[in-house]
Amino acid sequence: MSDLEHTLARLREALGDAQVLTGEAISPRHFSDWTRHAPACPAALILPLDTHQVATALRICNAAGQSIVPQGGMTGLAGGAVPRAQDIALSLERLCGIEEIDLASATVTVKAGTLLQDVQQAVADAGYLFPLDLGARGSCQIGGNIATNAGGNAVIRYGMTRDLVLGLEVVLADGRVLNLMNKMIKNNCGYDLKQCFIGSEGTLGVITRAVLRLAPQPGPTTTLLCALPDYPSAVGFLRRLQRSAGTPQAYELMWQDFFRMGVSWLDNPVAPMPDHHPLYVLLESSASSEMLEQTLQNAMDAGEVVDAVIAGSQSQARNLWKIREATAEFPVRLAPLNFDISLPIGQIGEFADLCRRRLDQRWPGNHSLYFGHIGDSNLHLTVDLNSLPQPSPVFEVEDLVYRAVGELGGAVSAEHGIGLLKREFLHHSVSHEALEVMAQLKRSFDPNGILNSGKILG
Ligand SMILES: Cc1cc2nc3c(=O)[nH]c(=O)nc-3n(C[C@H](O)[C@H](O)[C@H](O)COP(=O)(O)OP(=O)(O)OC[C@H]3O[C@@H](n4cnc5c(N)ncnc54)[C@H](O)[C@@H]3O)c2cc1C
């Protein structure tokens with residue numbers, strides 16, 4: 001019997017045959033994440049039913065030095081859940097369900113395999129909001145959201161996943177169960193260990209349960225599209241809004257070429273305002289309409305806003321959003337190389353100019369698009385590989401962009417994580433010393449290196 005066969009026999013004995021799949025019994029959706037990067041059928045797929053089974057499986061694999069890849073909903077965009085042929089994939093999909101909604105604490109306690117959308121719905125039914133929201137809500141799991149410290153649509157108002165997690169239960173590589181479940185906002189009892197696992201992409205432990213923080217449901221919102229003369233005005237207008245009308249629910253900046261392209265892809269391609277302005281912002285606010293109109297007037301008097309459209313109905317609001325949602329068409333209409341980066345808010349405009357200039361110098365006639373959630377310091381940049389010489393110089397483009405990010409003190413990953421795809425560029429944002437400490441942390445949590453080996457640090 002090989003080592004692997006021996007380990008699988010022990011896993012079957014401990015978890016039951018139905019929880020240990022091999023070969024054709026493994027669905028191809030466990031071969032790669034949303035990126036479709038380097039798909040591989042893992043040596044086995046285990047589907048534990050509870051924390052105890054996760055702990056047992058890890059104890060067996062750790063003793064055998066068998067590598068494990070934790071898998072959530074497989075919607076990741078960094079290759080973090082992609083297995084190699086020699087790995088055992090550990091899916092949390094059977095460890096799902098809502099355990100408790102505590103109305104007094106305004107918390108929900110969930111198992112890690114619960115879909116984000118199911119948490120949102122259960123909490124909404126109880127009269128609360130779970131503010132984490134992203135396009136993959138129907139497929140991604142809370143455990144995956146926590147392991148990637150997901151961002152999404154409401155970060156400007158409610159923060160990243162990290163800001164919404166109060167407690168965690170984590171199984172360590174050696175099978176010990178770390179109970180860090182907590183409902184208190186204030187709790188300064190030593191090191192806040194849960195923070196080590198949030199955003200660790202399955203390399204330090206397997207998240208099995210979580211206590212999440214809830215918010216009151218927001219009132220109705222107003223949607224506005226505003227044209228801006230330059231980048232400093234975009235920041236000035238955001239700060240003015242925050243001072244007078246409160247932090248908006250969304251503040252989505254689009255550079256002129258993104259705006260023009262988004263309009264041209266509409267079913268009825270008529271721009272809601274002239275398309276010659278350098279920048280456009282789509283924003284949503286729950287402030288009263290009087291307050292919003294007054295703030296807008298003040299911004300126009302100050303020259304921060306040069307044109308504006310306020311959606312008068314839900315359908316008008318939806319039409320404005322369709323311009324921003326042109327990104328959903330990227331995979332069909334472009335050959336997109338997408339970047340998810342962050343920079344200090346004041347320098348995002350400078351970065352976009354620098355990056356565009358360098359790309360144009362290197363590949364005249366290339367097509368790059370800039371847009372982002374600038375209130376979260378998050379910029380998205382897409383380069384259309386069809387506009388570059390073939391075969392596409394993907395690594396060279398990535399290197400150019402991430403080098404510029406590093407020069408301006410930004411982060412090569414804003415919200416999607418490092419996984420496999422950004423490992424080689426991490427050094428642009430993280431110092432040598434910090435990388436060493438990360439490696440030390442990894443060794444202390446997972447001395448045998450069985451958890452998601454090769455991800456983040458290589
Ligand atoms: C259409 C679409 C829109 C998206 N929008 C956003 C967005 O706006 N913001 C954003 O941040 N992301 C976004 N994403 C990326 C993705 O949805 C998130 O990264 C999500 O948090 C991943 O969750 P998952 O359950 O699919 O995790 P997976 O892809 O399965 O895994 C992601 C990582 O987490 C690890 N992991 C998973 N579960 C656990 C666990 N229980 N314990 C330990 N480690 C675990 C895996 O090993 C892997 O490293 C989007 C993706 C798609 C497809």
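**Stop 1: the ligand and its polar contacts**

Select Asn145 together with the ligand. A polar side-chain atom of Asn145 sits 2.9 Å from an oxygen atom of the ligand. This is a polar contact, meaning a pair of N or O atoms within 3.5 Å; within protein, one must be able to donate a hydrogen and the other to accept it, and residues adjacent in sequence count only if both atoms are side-chain atoms.

Then pick Glu415. A polar backbone atom of Glu415 is 3.3 Å from an oxygen atom of the ligand.

How much of the ligand's accessible area does the protein cover? On its own the ligand has 980 Å² of accessible area, and the protein covers 92% of that. Such areas come from the Shrake-Rupley method with a 1.4 Å probe; for residues, only the protein chains shown count as cover.

A word on what you are viewing: this is a predicted model, in which local features need pLDDT of at least 70 and side-chain atom pairs count only at pLDDT 80 or more, while totals for chains, interfaces and linings use all residues. Residues are numbered from 1 along each chain as its sequence is written, and side-chain values use heavy atoms, with hydrogens and water left out.

**Stop 2: the shell around the ligand**

Colour the shell by type.

**Stop 3: the whole chain**

Zoom out. The protein chain has 14 helices and 18 strands. Its C-alpha trace spans about 75 × 60 × 45 Å along the principal axes.

The radius of gyration, taken over C-alpha atoms, is compared with a globule rule of 2.2 Å times the number of residues to the power 0.38. For 458 residues, a compact globule would be near 23 Å, and the chain's 23 Å agrees.

Colour by domain next. The chain is divided into domain 1 (3–91), domain 2 (98–216), domain 3 (222–327) and domain 4 (334–416). These bounds come from an automatic or database domain assignment. The centres of domain 1 and domain 3, taken over C-alpha atoms, are 46 Å apart.

Buried residues make up 52% of the 458 residues. Buried means under 20% relative accessible area, exposed over 50%, and partly exposed in between (1.4 Å probe, protein chains only).

**Stop 4**

Most residues other than glycine have a negative phi, and most peptide bonds are trans.

- Select Met74, in the loop between strand 3 and strand 4 (88–91). Its phi is near 60°, a positive value. Met74 is buried, at 8% relative accessible area.
- Select Glu201, in the loop between helix 6 (194–197) and strand 10. Its phi is positive too, near 55°. Glu201 counts as buried, at 10%.
- Select Gln390 and Pro391. A cis peptide bond joins them, with omega about -5°. Pro391 lies in the loop between strand 18 (378–384) and helix 13 (394–407).

**Stop 5**

Select Ser413, in the loop between helix 13 and helix 14 (432–445). A polar atom of its side chain lies 2.8 Å from the backbone nitrogen of Gly417. Ser413 counts as buried, at 17% relative accessibility.

Select Ala40 and Ala85. They are 45 residues apart in sequence, yet 5.6 Å apart in space, C-alpha to C-alpha. Ala40 is in the loop between strand 1 (20–21) and strand 2 (44–46).

Finish with Ile60, in helix 2 (residues 51–64). Ile60 is buried, with a relative accessible area of 7%. From Ile60 to Ala173 is 113 residues in sequence and 9.8 Å in space, C-alpha to C-alpha.

Terms used. Helix = DSSP H or I, 4+ residues; strand = E, 2+ residues; numbered from the N terminus.
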